[in-house]
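My notes follow in the order of looking.

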Amino acid sequence: MQWNAGQALNDLEQAAKAALPEYVYGYFAGTAGGGESVQDAAAQWGDVRFRPRAFTRTSSRGTATSVLGVPLQTPVLAAPMAQQNAATPLAELATARAVRRTGSLLGVSTNTSVPFAKIAAEGVPWWFQVYVMKDRGLSDALVERAAAAGARALLLTVDTTRLSSGGLIIDPLLWPEVPGKTRLANLLEEDLSGLPGGATEAAGDLTLDVISDLRERSGLEVVVKGILRGDDARRAVDAGAAGVLVSTHGGRRLGRSVTSIQALPEVVQAVGGDCEVYVDSGIRTGDHIAASLAMGARAVFVGRPMLWGLATGGEDGAAAVLGGLTEELRATMAGIGADSIADITADLL
Ligand code: FNR
């Protein structure tokens with residue numbers, strides 16, 4: 001697939017919509033409530049205006065960077081998303097290969113349909129996204145397995161204290177070989193049939209000590225995903241988080257939340273350089289990425305556009321999204337007068 005810089009990802013979404021069963025598209029595109037924060041985010045990202053620099057070198061426009069010490073070729077990262085096997089048969093393996101081609105980083109959902117060992121064999125840096133479950137033993141077991149398989153960090157999602165009414169796809173449709181069983185591919189070798197109902201639901205009572213618990217259990221750094229307030233970011237850092245991901249979960253958890261772009265400045269200010277800050281939810285263009293970095297984010301995660309790429313072109317489609325957005329970022333860098341990621345500073349806004 002050929003990427004045209006500036007091609008609206010909307011077109012890709014329309015192609016994916018046509019290619020996917022209606023219920024899968026509905027699950028991928030779905031939002032909580034009336035989708036208010038998604039609409040707000042689109043408007044607010046669109047309102048970004050730059051103060052371009054003159055008399056600067058922009059001949060390289062290098063996008064190399066690092067997150068938590070892991071060197072990357074782009075600050076455009078693949079968000080953890082459940083059930084990618086509904087988008088393309090190779091699921092996260094296709095995403096991993098796209099990530100490898102673009103020098104990015106892979107987020108792997110608790111609800112991945114691919115065993116960790118297979119993901120690890122792709123040789124890309126990956127972070128394991130943790131949902132702390134009602135049965136803590138299950139999420140602990142997943143975390144230990146992810147760490148043993150080579151995850152570089154944990155992404156602890158804190159915005160999901162209950163499953164949204166938007167609902168997951170019914171499992172047997174996706175795992176016909178394991179009718180009625182859990183969707184937790186990485187625990188499938190265990191006999192989970194005797195678990196009490198609700199054991200794999202999200203714990204509704206997360207406290208800050210989960211951050212140090214997870215660090216000790218895994219030996220990995222913890223990045224807290226789903227922060228929308230400066231005070232929460234500060235508390236997370238003080239409790240040992242190495243990073244925070246400012247996110248509305250793509251508007252899937254609360255219809256009327258503030259947007260990531262609204263929350264990002266107060267989070268950056270509250271952590272004061274004591275941890276890395278990332279952002280996602282509604283990031284669709286090179287301008288959005290450059291603005292995020294100028295506001296103090298170290299990298300951005302991209303969610304649904306990856307699914308649209310996977311659904312229309314598998315690995316190639318996903319690579320086109322990551323690579324296309326990185327190319328758009330380079331075009332924006334040329335426009336604003338930035339020759340490297342480090343050059344994208346707050347004065348450009
Ligand atoms: C998600 N997201 C998500 N987040 C998470 O922490 N664990 C998960 O399992 C999932 N699953 C998931 C499934 C689907 C279908 C979508 C669309 C999203 C949220 C994801 O990581 C990210 O925060 C948002 O998708 C970013 O917003 P955009 O880029 O989709 O607007």
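**Helix H1**

I started by asking what covers the buried residues of H1. The cover includes H2 and helix H12 (304-336). Helices here are DSSP runs of H or I with at least four residues, strands are runs of E with at least two, and both are numbered from the N terminus. I counted a contact when two C-beta atoms, placed from the backbone, lie within 7 Å.

Before going on I noted the ground rules. The model is predicted, so local features need pLDDT of at least 70, side-chain atom pairs count only at pLDDT 80 or more, and totals for chains, interfaces and linings use all residues. Residues are numbered from 1 along each chain as its sequence is written.

Next I listed the buried residues of H1 (residues 9-19): Leu-12, Glu-13 and Ala-16. Seen down the axis of H1, these fall within an arc of 100°, so they line one face of the helix. The arc is taken over the directions from the helix axis to the C-beta atoms. The face turned away from the buried side carries the exposed residues Asn-10, Asp-11 and Ala-18. My cut-offs: buried means 20 or more other C-beta atoms within 10 Å of the residue's own, exposed means 12 or fewer, and partly exposed is in between, with C-beta atoms placed from the backbone.

I then followed the strands. Strand S8 (residues 243-246) pairs with S9 in the parallel sense over 4 bridges. Pairing requires at least two DSSP bridges between the strands. Val-246 has Val-279 as its bridge partner in S9. S8, helix H10 (residues 260-271) and S9 form a right-handed β-α-β unit. Right-handed means that, with the strands pointing away from the viewer, the path from the first strand over the helix to the second runs clockwise.

Strand S9 (residues 276-279) pairs with S10 in parallel as well, over 2 bridges. From S9 the chain crosses through helix H11 (residues 286-294) to S10, and this β-α-β crossover is right-handed. Tyr-278 stands opposite Ala-299 in S10, and Val-279 has Val-300 as its bridge partner there.

S10 is also joined to strand S3 (residues 76-78) by 3 bridges, and the two run parallel. Ala-78 stands opposite Val-302 in S10.

I checked the strand faces. In a regular strand the side chains alternate between the two faces of the sheet. On S9, Glu-276 and Tyr-278 lie on one side, Val-277 and Val-279 on the other, and all are buried. On S10, Ala-299 and Phe-301 point one way, Val-300 and Val-302 the other way, and all are buried.

**Ligand shell**

Which residues are closest to the ligand? They are Ala-79, Ser-109, Gly-250, Gly-303 and Arg-304, in a shell of 24 residues. The shell divides into 9 nonpolar, 11 polar and 4 charged residues. Nonpolar covers Ala, Val, Leu, Ile, Met, Phe, Trp, Tyr, Cys and Pro; charged covers Asp, Glu, Lys and Arg; the others, Gly among them, are polar. Helix H2 (22-29) and strand S10 (299-302) each supply at least two shell residues.

**Arg-97**

I ended on Arg-97, in helix H4 (residues 92-102). Arg-97 counts as buried because it has 20 C-beta neighbours inside 10 Å. Leaving out residues up to four places away in sequence, Arg-97 touches Glu-122 and Glu-315.

Conventions
Near = placed C-beta within 6 Å.
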